[in-house]
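Biologist: Hi, I have a new structure to look at. Can you walk me through it?

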Amino acid sequence: MSDKYQLMPIAKVNGAWSVPDELLRGLWNKHEGCESFKKVFYDGAIANAEQWIEFLHSDKIYPVLVIANSVPPRIVSAAWMVPDLDRNIHIHYCPLTRIGWKVEIGKIIIEYWKNFRDADGTPLVLGVLSITPAHYISANKFLLRLGLKVVGVLPEHSTMAYEERRADMTVYYGRVGRDL
């Protein structure tokens, strides 16, 4: 993994969540006014702490928090993946600090998901997909530095609730073993 960062999966273990709701609520409340949440949830569908917690507890996603091994330790990013068709995943990334934009962190997260296996040991992740607003320059550069490739642009694809407009979306894809 890394000496600088560790991942904390948000998962139900023996009937209890690995990350307490109070911590997730505190993260939302601390960062609610920052651009990260508004940019990641650009459609406005997740607008408060309770919706965010419910979303992270969904059995359809695999969320993680990234913790910097600093003194004191601090959460620098949140990420989640949604399994897609034929062993591909759709990734979402939410930096909570400037450190959160480090490529090293993104690669640690993707490496973690690349190691998911089924009961027979077959890799569950062969490809990584991201669909990002074309005007999010930092996010687009970040995805390219992770090794994903632009495969196209979807014109006026998504509603940007906080900007009151529709936006073009850039589609990225990377193959495990080739690009990632």
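Modeller: Read along the sequence, the protein chain goes β-β-β-α-α-α-β-β-β-α-β-α-β-β, where helices (H or I, at least four residues) and strands (E, at least two) are DSSP runs, numbered from the N terminus. Keep in mind that this is a predicted model, where local features need pLDDT of at least 70, side-chain atom pairs count only at pLDDT 80 or more, and totals for chains, interfaces and linings use all residues. Residues are numbered from 1 along each chain as its sequence is written, and side-chain values use heavy atoms, with hydrogens and water left out.

Biologist: How many helices and strands are in the protein chain?

Modeller: The chain has 5 helices and 9 strands.

Biologist: And what is its radius of gyration?

Modeller: The radius of gyration is 16 Å, close to the 16 Å from the globule rule for 180 residues, so the chain is as compact as a globular protein of that length. That radius is taken over C-alpha atoms, and the rule is 2.2 Å times the number of residues to the power 0.38. Along its principal axes, the C-alpha trace spans about 45 × 40 × 30 Å.

Biologist: What percentage of the residues is buried?

Modeller: Buried residues make up 42% of the 180. Buried means under 20% relative accessible area, exposed over 50%, and partly exposed in between (1.4 Å probe, protein chains only).

Biologist: Which residues have the most contacts inside the largest nonpolar core?

Modeller: They are Ile91, Ile109, Trp113, Val128 and Leu148, in a core of 26 residues. A nonpolar core is a set of buried Ala, Val, Leu, Ile, Met, Phe, Trp, Tyr and Cys residues joined through side-chain atoms within 4.5 Å.

Biologist: Which element gives the largest share of this core?

Modeller: That's α4, with 6 residues. There is also a second, separate core of 20 residues, and Ile10, Leu24, Ile46 and Ile67 are among them.

Biologist: Back to Val128, what does it touch?

Modeller: Not counting residues up to four places away in sequence, Val128 touches Ile89, Ile91, Ile110, Leu148, Tyr172, Tyr173, Gly174 and Leu180. Contact means heavy atoms within 4.5 Å.

Biologist: Okay, and where is Ile67?

Modeller: Ile67 sits in strand β4 and counts as buried, because its relative accessibility is 9%. Leaving aside neighbours within four places in sequence, Ile67 is in contact with Lys4, Tyr5, Gln6, Met8, Pro73, Arg74 and Ile75.

Biologist: Now a loop. Is Val125 buried or exposed?

Modeller: Val125 is buried, with a relative accessible area of 2%, and lies in the loop between α4 and β7 (127-133). Val125 and Val176 are 51 residues apart along the chain, yet their C-alpha atoms are separated by 7.4 Å. Outside four places in sequence, the contacts of Val125 are Arg87, Ile89, Trp113, Lys114, Phe116 and Val176.
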